[in-house]
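Here is a brief report on one protein chain. It covers charge pairs, aromatic rings, a surface patch and some backbone points.

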Amino acid sequence: MAWRLEEFTAYLRDERNLSDHTLRAYEREVARFTAFAEGELSCSGPDAVTPLTVRAFLAHLHTTGLAKVSAQRALAALRTYFRFLGREGAVEVNPARVVATPRAPKKLPDVATAPELEQLLEALPDTPAGRRDRALLELAYGAGLRAAELVGLDLDDVDLSRRLVRVLGKGGKERVVPFGRAAAGALRAYLPDRAVWRQAARELEGGEPVFVNQRGGRLTDRSLRRILDAAARQVAGLHHLHPHTLRHAFATHLLEAGMDLRAIQELLGHASLSTTQRYTHLDLAHLMETYRKAHPKA
(Lines give C-alpha, C1' and ligand atoms only; values in the text may rest on other atoms or scores of the structure.)
Protein backbone atom coordinates (compact mmCIF):
# COMPACT_ATOMS: atom_id res chain seq x y z
CA MET A 1 0.00 0.00 0.00
CA ALA A 2 2.91 2.35 0.70
CA TRP A 3 3.68 2.73 -3.00
CA ARG A 4 0.01 3.50 -3.91
CA LEU A 5 0.24 1.70 -7.24
CA GLU A 6 -3.48 1.03 -7.54
CA GLU A 7 -4.26 4.70 -6.96
CA PHE A 8 -1.68 5.64 -9.59
CA THR A 9 -3.32 3.30 -12.10
CA ALA A 10 -6.73 4.83 -11.36
CA TYR A 11 -5.24 8.31 -11.87
CA LEU A 12 -3.79 7.35 -15.26
CA ARG A 13 -7.03 5.75 -16.38
CA ASP A 14 -9.63 8.16 -15.00
CA GLU A 15 -7.89 11.54 -14.95
CA ARG A 16 -5.13 11.32 -17.55
CA ASN A 17 -7.31 9.14 -19.81
CA LEU A 18 -4.25 7.38 -21.22
CA SER A 19 -4.61 4.69 -23.85
CA ASP A 20 -4.59 1.08 -22.62
CA HIS A 21 -1.18 0.54 -24.22
CA THR A 22 0.41 3.54 -22.47
CA LEU A 23 -1.30 2.75 -19.18
CA ARG A 24 0.06 -0.81 -19.18
CA ALA A 25 3.55 0.45 -20.05
CA TYR A 26 3.53 2.96 -17.17
CA GLU A 27 2.22 0.34 -14.74
CA ARG A 28 4.94 -2.08 -15.82
CA GLU A 29 7.77 0.45 -15.51
CA VAL A 30 6.70 1.73 -12.08
CA ALA A 31 6.17 -1.81 -10.77
CA ARG A 32 9.65 -2.75 -12.00
CA PHE A 33 11.10 0.31 -10.26
CA THR A 34 9.36 -0.35 -6.91
CA ALA A 35 10.52 -3.98 -6.96
CA PHE A 36 14.11 -2.81 -7.58
CA ALA A 37 13.95 -0.06 -4.95
CA GLU A 38 12.60 -2.43 -2.29
CA GLY A 39 14.64 -5.50 -3.18
CA GLU A 40 18.00 -3.95 -4.03
CA LEU A 41 18.05 -0.69 -2.05
CA SER A 42 15.68 -1.51 0.84
CA CYS A 43 13.43 1.47 0.19
CA SER A 44 10.31 1.14 2.34
CA GLY A 45 8.20 3.54 0.27
CA PRO A 46 8.25 6.47 -2.15
CA ASP A 47 9.33 8.97 0.52
CA ALA A 48 12.64 7.06 0.83
CA VAL A 49 13.44 7.45 -2.90
CA THR A 50 16.11 9.96 -3.92
CA PRO A 51 17.52 10.96 -7.32
CA LEU A 52 20.35 8.49 -6.63
CA THR A 53 17.76 5.71 -6.34
CA VAL A 54 16.35 6.61 -9.74
CA ARG A 55 19.83 6.79 -11.29
CA ALA A 56 20.68 3.39 -9.81
CA PHE A 57 17.53 1.97 -11.38
CA LEU A 58 18.44 3.37 -14.80
CA ALA A 59 21.95 1.94 -14.43
CA HIS A 60 20.38 -1.41 -13.60
CA LEU A 61 18.25 -1.23 -16.76
CA HIS A 62 21.40 -0.51 -18.76
CA THR A 63 23.14 -3.62 -17.39
CA THR A 64 20.18 -5.74 -18.55
CA GLY A 65 20.75 -4.56 -22.12
CA LEU A 66 17.60 -2.45 -22.28
CA ALA A 67 17.63 0.06 -25.14
CA LYS A 68 18.01 3.73 -24.24
CA VAL A 69 14.63 4.56 -25.71
CA SER A 70 13.09 2.07 -23.26
CA ALA A 71 15.02 3.69 -20.41
CA GLN A 72 13.60 7.05 -21.53
CA ARG A 73 10.10 5.62 -21.29
CA ALA A 74 10.83 4.23 -17.81
CA LEU A 75 12.05 7.62 -16.60
CA ALA A 76 8.99 9.35 -18.09
CA ALA A 77 6.76 6.90 -16.20
CA LEU A 78 8.61 7.60 -12.94
CA ARG A 79 8.33 11.36 -13.39
CA THR A 80 4.58 11.00 -13.87
CA TYR A 81 4.34 8.64 -10.89
CA PHE A 82 6.17 10.93 -8.47
CA ARG A 83 4.30 13.97 -9.78
CA PHE A 84 1.10 12.14 -8.88
CA LEU A 85 2.46 11.27 -5.42
CA GLY A 86 3.47 14.89 -4.88
CA ARG A 87 -0.02 16.03 -5.73
CA GLU A 88 -1.36 13.53 -3.18
CA GLY A 89 1.07 14.74 -0.50
CA ALA A 90 2.92 11.41 -0.33
CA VAL A 91 6.29 12.96 -1.29
CA GLU A 92 7.67 16.49 -0.99
CA VAL A 93 9.82 16.50 -4.13
CA ASN A 94 9.91 14.57 -7.40
CA PRO A 95 13.22 12.62 -7.33
CA ALA A 96 12.92 11.67 -11.01
CA ARG A 97 12.58 15.26 -12.17
CA VAL A 98 16.28 16.14 -11.77
CA VAL A 99 17.59 12.92 -13.36
CA ALA A 100 18.94 13.46 -16.86
CA THR A 101 17.11 11.64 -19.63
CA PRO A 102 19.23 8.90 -21.28
CA ARG A 103 20.13 10.05 -24.78
CA ALA A 104 19.17 7.66 -27.51
CA PRO A 105 20.28 7.93 -31.14
CA LYS A 106 17.63 9.65 -33.23
CA LYS A 107 16.03 7.27 -35.67
CA LEU A 108 13.93 8.57 -38.51
CA PRO A 109 10.69 6.67 -39.04
CA ASP A 110 10.41 4.33 -42.01
CA VAL A 111 8.23 5.76 -44.75
CA ALA A 112 6.54 3.83 -47.53
CA THR A 113 6.35 5.57 -50.90
CA ALA A 114 3.05 6.46 -52.55
CA PRO A 115 3.53 3.81 -55.30
CA GLU A 116 4.26 1.14 -52.67
CA LEU A 117 1.09 2.03 -50.77
CA GLU A 118 -0.90 1.96 -53.99
CA GLN A 119 0.39 -1.54 -54.70
CA LEU A 120 -0.46 -2.55 -51.14
CA LEU A 121 -4.06 -1.39 -51.50
CA GLU A 122 -4.56 -2.74 -55.01
CA ALA A 123 -3.36 -6.18 -53.90
CA LEU A 124 -6.32 -6.59 -51.53
CA PRO A 125 -8.99 -8.98 -52.88
CA ASP A 126 -12.55 -7.91 -53.71
CA THR A 127 -14.07 -10.00 -50.91
CA PRO A 128 -15.89 -8.92 -47.74
CA ALA A 129 -12.69 -9.15 -45.69
CA GLY A 130 -10.67 -7.56 -48.50
CA ARG A 131 -13.10 -4.64 -48.76
CA ARG A 132 -12.91 -4.13 -44.99
CA ASP A 133 -9.12 -4.22 -45.05
CA ARG A 134 -8.97 -1.72 -47.88
CA ALA A 135 -11.31 0.67 -46.05
CA LEU A 136 -9.23 0.24 -42.89
CA LEU A 137 -5.89 0.96 -44.57
CA GLU A 138 -7.23 3.71 -46.85
CA LEU A 139 -8.52 5.58 -43.79
CA ALA A 140 -5.32 4.94 -41.81
CA TYR A 141 -3.25 6.48 -44.60
CA GLY A 142 -5.85 9.03 -45.73
CA ALA A 143 -6.34 10.54 -42.27
CA GLY A 144 -3.02 9.70 -40.56
CA LEU A 145 -4.66 7.94 -37.63
CA ARG A 146 -2.96 6.06 -34.83
CA ALA A 147 -3.83 2.37 -34.53
CA ALA A 148 -5.89 2.87 -31.35
CA GLU A 149 -7.71 5.82 -32.91
CA LEU A 150 -8.57 3.79 -36.00
CA VAL A 151 -9.99 0.71 -34.27
CA GLY A 152 -11.74 2.93 -31.71
CA LEU A 153 -13.89 4.69 -34.33
CA ASP A 154 -17.67 4.42 -34.15
CA LEU A 155 -20.08 5.04 -37.03
CA ASP A 156 -21.12 8.38 -35.50
CA ASP A 157 -17.51 9.54 -35.77
CA VAL A 158 -17.46 9.31 -39.57
CA ASP A 159 -19.14 11.90 -41.81
CA LEU A 160 -18.99 10.33 -45.28
CA SER A 161 -20.79 13.17 -47.03
CA ARG A 162 -18.24 15.76 -45.89
CA ARG A 163 -15.37 13.25 -45.66
CA LEU A 164 -14.51 14.10 -42.05
CA VAL A 165 -13.68 11.84 -39.12
CA ARG A 166 -13.85 12.77 -35.44
CA VAL A 167 -10.94 11.23 -33.55
CA LEU A 168 -10.35 10.77 -29.84
CA GLY A 169 -6.57 11.00 -29.52
CA LYS A 170 -4.04 10.74 -26.71
CA GLY A 171 -5.12 12.19 -23.40
CA GLY A 172 -8.76 12.22 -24.53
CA LYS A 173 -8.12 15.13 -26.93
CA GLU A 174 -10.62 15.29 -29.76
CA ARG A 175 -9.83 16.46 -33.28
CA VAL A 176 -11.55 16.41 -36.66
CA VAL A 177 -9.53 15.18 -39.65
CA PRO A 178 -10.49 15.21 -43.35
CA PHE A 179 -10.01 12.17 -45.58
CA GLY A 180 -10.02 11.73 -49.34
CA ARG A 181 -12.30 10.27 -51.98
CA ALA A 182 -10.41 6.96 -52.06
CA ALA A 183 -11.03 6.32 -48.35
CA ALA A 184 -14.67 7.43 -48.68
CA GLY A 185 -15.24 5.09 -51.62
CA ALA A 186 -13.61 2.18 -49.77
CA LEU A 187 -15.77 2.82 -46.71
CA ARG A 188 -18.97 2.89 -48.79
CA ALA A 189 -17.99 -0.42 -50.41
CA TYR A 190 -17.31 -2.03 -47.02
CA LEU A 191 -20.29 -0.83 -44.97
CA PRO A 192 -22.81 -3.39 -46.40
CA ASP A 193 -20.42 -6.22 -45.42
CA ARG A 194 -20.06 -4.67 -41.98
CA ALA A 195 -23.84 -4.61 -41.56
CA VAL A 196 -24.05 -8.35 -42.28
CA TRP A 197 -21.27 -9.18 -39.80
CA ARG A 198 -22.75 -6.89 -37.18
CA GLN A 199 -26.12 -8.66 -37.36
CA ALA A 200 -24.35 -11.93 -36.56
CA ALA A 201 -22.81 -10.55 -33.36
CA ARG A 202 -24.08 -12.40 -30.27
CA GLU A 203 -23.46 -9.50 -27.91
CA LEU A 204 -23.49 -5.92 -29.13
CA GLU A 205 -20.92 -3.92 -27.20
CA GLY A 206 -21.26 -0.25 -26.42
CA GLY A 207 -21.18 1.95 -29.49
CA GLU A 208 -21.24 0.92 -33.13
CA PRO A 209 -17.64 0.21 -34.20
CA VAL A 210 -16.74 1.06 -37.78
CA PHE A 211 -14.27 -1.79 -38.22
CA VAL A 212 -15.42 -5.23 -37.10
CA ASN A 213 -14.36 -8.84 -37.53
CA GLN A 214 -16.52 -11.47 -39.19
CA ARG A 215 -18.18 -12.23 -35.83
CA GLY A 216 -19.30 -8.62 -35.58
CA GLY A 217 -16.90 -7.58 -32.79
CA ARG A 218 -14.65 -4.53 -32.87
CA LEU A 219 -11.22 -5.02 -34.43
CA THR A 220 -8.25 -4.71 -32.06
CA ASP A 221 -4.80 -3.18 -32.50
CA ARG A 222 -3.44 -6.70 -32.90
CA SER A 223 -5.96 -7.48 -35.64
CA LEU A 224 -4.88 -4.34 -37.49
CA ARG A 225 -1.24 -5.41 -37.34
CA ARG A 226 -2.10 -8.87 -38.69
CA ILE A 227 -4.09 -7.36 -41.55
CA LEU A 228 -1.28 -5.00 -42.46
CA ASP A 229 1.37 -7.74 -42.28
CA ALA A 230 -0.69 -10.02 -44.53
CA ALA A 231 -1.22 -7.23 -47.06
CA ALA A 232 2.47 -6.22 -47.02
CA ARG A 233 3.56 -9.77 -47.87
CA GLN A 234 1.81 -9.40 -51.21
CA VAL A 235 4.05 -6.49 -52.27
CA ALA A 236 7.73 -6.85 -53.09
CA GLY A 237 9.91 -4.80 -50.75
CA LEU A 238 7.21 -4.42 -48.10
CA HIS A 239 7.89 -7.49 -45.99
CA HIS A 240 6.77 -5.81 -42.78
CA LEU A 241 4.79 -2.65 -42.10
CA HIS A 242 3.74 -1.23 -38.76
CA PRO A 243 0.41 0.64 -38.55
CA HIS A 244 2.40 3.76 -37.61
CA THR A 245 4.17 3.51 -40.99
CA LEU A 246 0.95 4.66 -42.68
CA ARG A 247 0.76 7.62 -40.30
CA HIS A 248 4.37 8.53 -41.08
CA ALA A 249 3.61 8.29 -44.80
CA PHE A 250 0.56 10.55 -44.37
CA ALA A 251 2.67 13.27 -42.71
CA THR A 252 5.70 12.96 -44.96
CA HIS A 253 3.74 13.00 -48.21
CA LEU A 254 1.82 16.11 -47.09
CA LEU A 255 5.07 17.84 -46.17
CA GLU A 256 6.64 16.93 -49.50
CA ALA A 257 3.60 18.42 -51.22
CA GLY A 258 4.17 21.73 -49.42
CA MET A 259 1.70 21.66 -46.52
CA ASP A 260 2.53 23.89 -43.55
CA LEU A 261 4.12 22.03 -40.63
CA ARG A 262 1.66 23.47 -38.10
CA ALA A 263 -1.28 22.27 -40.19
CA ILE A 264 0.24 18.79 -40.21
CA GLN A 265 0.67 19.04 -36.42
CA GLU A 266 -3.07 19.72 -36.08
CA LEU A 267 -4.01 16.81 -38.34
CA LEU A 268 -1.74 14.39 -36.45
CA GLY A 269 -2.92 15.59 -33.04
CA HIS A 270 0.62 16.25 -31.78
CA ALA A 271 0.70 18.32 -28.59
CA SER A 272 4.13 19.72 -29.47
CA LEU A 273 5.43 20.97 -32.79
CA SER A 274 8.81 19.39 -31.99
CA THR A 275 7.20 15.96 -32.40
CA THR A 276 6.05 16.89 -35.89
CA GLN A 277 9.37 18.48 -36.82
CA ARG A 278 11.08 15.12 -37.26
CA TYR A 279 9.30 14.94 -40.61
CA THR A 280 11.36 17.90 -41.81
CA HIS A 281 14.38 15.60 -41.61
CA LEU A 282 12.60 13.08 -43.79
CA ASP A 283 11.70 15.81 -46.27
CA LEU A 284 15.33 16.97 -46.36
CA ALA A 285 16.44 13.39 -47.03
CA HIS A 286 13.94 13.22 -49.90
CA LEU A 287 15.24 16.50 -51.34
CA MET A 288 18.86 15.37 -51.09
CA GLU A 289 18.09 12.09 -52.84
CA THR A 290 16.24 13.95 -55.61
CA TYR A 291 19.19 16.35 -55.93
CA ARG A 292 21.71 13.51 -56.22
CA LYS A 293 19.66 11.84 -58.94
CA ALA A 294 18.86 15.00 -60.92
CA HIS A 295 21.80 17.40 -60.66
CA PRO A 296 24.64 16.84 -63.16
CA LYS A 297 27.25 17.96 -60.62
CA ALA A 298 25.85 16.05 -57.64
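Glu 29 and Arg 73 join their side chains in a salt bridge, at 3.0 Å from N to O. Glu 29 sits in helix 2 and Arg 73 in helix 4 (residues 68-87), so the bridge ties together parts that are 44 residues apart in sequence. The model is predicted.

The two partners can be set side by side. Glu 29 is buried, because its relative accessible area is 0% and buried means under 20%. Arg 73 is partly exposed, at 33% relative accessibility.

## Arg 131 and its two partners

Which residues pair with Arg 131 in salt bridges? One is Asp 126, with the closest N and O atoms 2.9 Å apart. Another is Asp 193, at 2.7 Å from N to O. The pair of Arg 131 and Asp 193 links distant parts of the chain. Arg 131 lies in helix 6 and Asp 193 in helix 8 (residues 181-199), 62 residues apart.

Accessibility can be read for each of these residues. Asp 126 is exposed, at 66% relative accessibility. Arg 131 is partly exposed, with a relative accessible area of 22%. Asp 193 counts as buried, at 13%.

Helix 6 spans residues 128-143 and includes Pro 128. Pro 128 is partly exposed, at 35% relative accessibility. From Pro 128 to Pro 192 the C-alpha to C-alpha distance is 9.0 Å, although 64 residues separate them in sequence.

## Salt bridges overall

How many salt bridges does the model hold? The count comes to 19. Side chains of opposite charge can pair when their charged atoms come close. One network of salt bridges links Arg 4, Glu 7, Glu 15, Arg 87 and Glu 88.

## Positive surface patch

Five residues make up a patch of positive charge on the surface: Arg 24, Arg 28, Arg 222, Arg 225 and Arg 226. Helix 2 (20-41) and helix 9 (221-232) are the elements that give two or more residues to the patch. Helix 9 gives the most, with 3 residues.

Arg 226 is found in helix 9. Is Arg 226 buried or exposed? Arg 226 is exposed, because its relative accessible area is 52% and exposed means over 50%.

## Aromatic rings

The count of aromatic pairs comes to 9. One of them joins Tyr 81 and Phe 82. Tyr 81 and Phe 82 are both buried.

Ring pairs also build a cluster. Its members are Phe 8, Tyr 11, Phe 33, Phe 36, Phe 57, Tyr 81, Phe 82 and Phe 84.

## Positive phi in two loops

Most residues other than glycine have a negative phi. Ser 42 has a positive phi, near 55 degrees, and is not a glycine. Ser 42 lies in the loop between helix 2 and helix 3 (51-63). Ser 42 is exposed, with a relative accessible area of 65%.

Arg 163 also has a positive phi near 55 degrees in a residue other than glycine. Where does Arg 163 lie? Its place is the loop between strand 1 (158-159) and strand 2 (164-168). Arg 163 counts as partly exposed, at 27% relative accessibility.

Key
Residues are numbered from 1 along each chain as its sequence is written. This is a predicted model: local features need pLDDT of at least 70, side-chain atom pairs count only at pLDDT 80 or more; totals for chains, interfaces and linings use all residues. Side-chain values use heavy atoms; hydrogens and water are left out. Patches are made of residues with over 30% relative accessible area and no salt bridge: like charges are joined within 9 Å, nonpolar side chains (Val, Leu, Ile, Met, Phe, Trp, Tyr) within 5 Å. Accessible areas come from the Shrake-Rupley method with a 1.4 Å probe; for residues, only the protein chains shown count as cover. A salt bridge is a side-chain nitrogen of Lys or Arg within 4 Å of a carboxyl oxygen of Asp or Glu. Lys and Arg count as positive and Asp and Glu as negative; His and the chain ends are not counted. The place of a charge is taken as NZ of Lys, CZ of Arg, CG of Asp or CD of Glu. Helices (H or I, at least four residues) and strands (E, at least two) are DSSP runs, numbered from the N terminus. Buried means under 20% relative accessible area, exposed over 50%, partly exposed in between (1.4 Å probe, protein chains only). Rings of Phe, Tyr and Trp (its six-membered ring) pair if their centres lie within 6.5 Å; planes under 30 degrees apart count as stacked, over 60 as edge-to-face and the rest as tilted.
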